[in-house]
Amino acid sequence: MTPVSPSEGAYDRKRLRQWSRGLARPAGIDRRALLRLAAAASAAAPLLPAAAPAHAAAGPAGVVKPLPPELFTVRGTNAETNFAALRDTGLLTPADRFFVRNHTGTPRIDAAAWKLTVWGDGLTGGPVDFSYEALRALPSVSRTAFVECAGNGRSFFASQQNQQVSGTAWTLGAIGTARWRGVRLAEVLRRAGLGRNAVDVLPRGLDAEVVSDGVALGRVRRPLPVAKALDDVLLAYEMNGEPLPPDHGYPVRLIVPSWVGIANIKWVGDIEVSAEPLLTPWNTSMYRLFGPGHPPEGSAPLSGQTLKSAFEIAPGATFAAHRRHLLTGRSWSGGAPVRSVEISTDGGARWRPARLRDEPRAGSWVRWSAGWVPQAPGPGVLLARATDRSGRAQPETTAPNTQGYLFDAVVRHRVTVT
């Protein structure tokens, strides 16, 4: 990779900022160069050391908790929840069944030595530190919210639409819903001295630095607009009434309701508050939509999640003919609460309503059920489609993008009747 001189680097970073705002595409810069420039865009800022020792975990995929095959499918450094394992779990996903999305491995952090540093030119003063106990002493709130990877459903671009995309081949299990408790990010920013000139807020994780295509990207970080940061975002320290497990962000993580998973930074160690837009690989060359039907410079950075439904059955499940079966599943939307769910047991020829088992709420999912008595042996296809209160409904197909984000089409669940 050819080195970039300081003057060239400054020019390219300027073009990268223009590109990030949709003003110009940086001609002649390939993906590796984009990654490198995005990684360097905030390199002038001090990389604050972790106040606590962070050690990579041993075990499958670098994950701390057990990953039994009946609960999870391991995908590289990640673990996807098998949707059939959610059938009897209630509205909230137990921590031992919650999916894991790691860019590297799960760090082990000592909360007693940990601190959160808030800093940057978007503050009225200098850096402010919060210890774990000081953070827990602030006024707390609780929210039920799902966290979902932007690539959830990615494998269906290939299996249903015959379109090849890059990235982890998730089915539908890169999602979980929990009751999170913590302090509002707005409260912490206010106490740190948020300035009127603040534009972006950049949380950074304490997991190991990421290397992609031979390029060192630094620790996982992705900016939030200050308006979102002041809205409903939590610095969470509890999950379902217990301290966060290591794989899910202990001691403190971000919860950004209804937004793509990458916004929900785990193991937060510092937060930069900036008076100008911030660039990282996670909001420039990644987590944007590229490809046919999208602007040459890519879409705006992904924010809100999309609309999906899933049956709580194993792939290729078998059902006995002439017997009544209770089909169950879940639907969720990053927009308005789910309004209704319909299912089809004959591949889409006929549809009927499912019974909602929960009061639909923004940022959460709803469980549903419907009876089925299959009449004849042979292969079958089960479908489920949701509509939310904004009127948005799941489509038959999803417009492709090269990195396979935001698949929202109706999924074809293939089964066998015996």
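**View 1. Pro139 in the loop between helix H3 and strand S7.** In this predicted model, Pro139 lies in the loop that links helix H3 (132-137) with strand S7 (141-148), where helices (H or I, at least four residues) and strands (E, at least two) are DSSP runs, numbered from the N terminus. Leaving aside residues up to four places away in sequence, Pro139 touches Gly182, Val183, Glu187 and Arg191, a contact being heavy atoms within 4.5 Å. Pro139 and Arg184 are 45 residues apart along the chain, and their C-alpha atoms are separated by 8.2 Å.

**View 2. Strand S16 and its pairing partners.** Seven of the seven residues of strand S16 (residues 268-274) are buried, a term that stands for under 20% relative accessible area, with exposed over 50% and partly exposed in between (1.4 Å probe, protein chains only). Strand S5 (residues 115-119) pairs with S16 in the parallel sense over three bridges, and Trp119 stands opposite Glu272 in S16; two strands count as paired if DSSP finds at least two bridges between them. Strand S9 (residues 200-205) runs antiparallel to S16 and is joined to S16 by six bridges, with Val268 in S16 as the bridge partner of Gly205.

**View 3. The open sheet of five strands.** The strands follow the order S6-S5-S16-S9-S12, with mixed pairing. Strand S6 (128-131) and strand S12 (224-225) are the edge strands, each pairing on one side only. Strands of a sheet pair through backbone hydrogen bonds, either parallel or antiparallel.

**Notes to the views.** Residues are numbered from 1 along each chain as its sequence is written, and side-chain values use heavy atoms, with hydrogens and water left out. Because the model is predicted, local features need pLDDT of at least 70 and side-chain atom pairs count only at pLDDT 80 or more, while totals for chains, interfaces and linings use all residues.
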